[in-house]
Amino acid sequence: MEEKNAAGETVVRKIKEYIESHQKDELSLDKIAAALNYSKFYMGRVFAEATGTTICKYIQGRRLDAAAEQLVITNRPVIDIALEAGYGSPQAFTLAFRRFYRCSPRAYRKNRISVPGKSEMMGGRLAA
């Protein structure tokens, strides 16, 4: 059973490393699976079992964490940060950001909230 767990941890680590190094790229389960030579179904199952979330939700969380950091450390327009995070409109970004952080991007910036990203705070389950 430990071998299975170790193999799963290796797969999860590889997935996270790939996501981190390709965060600005268009990422899909198919693309990650092809790059890592795993079945997307296997990857999805192993990742969810190990982290408690889906690969897509993990990607979204990592991108929102990066966007939140940009809001705090730069004065770049929210629309630029939204587009860089992969959102097609500021409205879609604001909606996702509000669901994730429970405040708007503007409020987050105004309050200069500088805490670890939400995905890092979830018991390390989503942390890179």
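The largest nonpolar core of this predicted model has 17 residues, and those with the most contacts inside it are Leu64, Leu71, Tyr87, Phe93, Phe97, Tyr101 and Tyr108. A nonpolar core is a set of buried Ala, Val, Leu, Ile, Met, Phe, Trp, Tyr and Cys residues joined through side-chain atoms within 4.5 Å. Buried means under 20% relative accessible area, exposed over 50%, and partly exposed in between (1.4 Å probe, protein chains only). Helices α4, α5 and α6 each supply at least two residues of this core. A second, separate core has 15 residues, among them Val12, Tyr18, Leu36 and Ile59. In soluble globular proteins, nonpolar side chains tend to be buried together.

| Helix | Residues |
|---|---|
| α4 | 55–73 |
| α5 | 78–84 |
| α6 | 90–101 |

Aromatic rings of Phe, Tyr and Trp (its six-membered ring) pair if their centres lie within 6.5 Å; planes under 30 degrees apart count as stacked, over 60 as edge-to-face and the rest as tilted. The count comes to 8 aromatic pairs. Tyr87 and Phe93 form an edge-to-face pair, because their ring centres are 5.6 Å apart and their planes are at 65°. Both residues, Tyr87 and Phe93, are buried.

The protein has 8 helices and 0 strands, where helices (H or I, at least four residues) and strands (E, at least two) are DSSP runs numbered from the N terminus. Of its 128 residues, 39% count as buried.

The average pLDDT (the predictor's confidence in each residue, from 0 to 100) is 86, and 84% of the residues score at least 70. Over residues 120–128 the pLDDT is below 50, and beyond near neighbours in sequence this stretch has 19 contacts (heavy atoms within 4.5 Å) in the model. Where pLDDT is low, the predicted coordinates should not be read in detail.

Residues are numbered from 1 along each chain as its sequence is written, and side-chain values use heavy atoms, with hydrogens and water left out. In this predicted model, local features need pLDDT of at least 70 and side-chain atom pairs count only at pLDDT 80 or more, while totals for chains, interfaces and linings use all residues.
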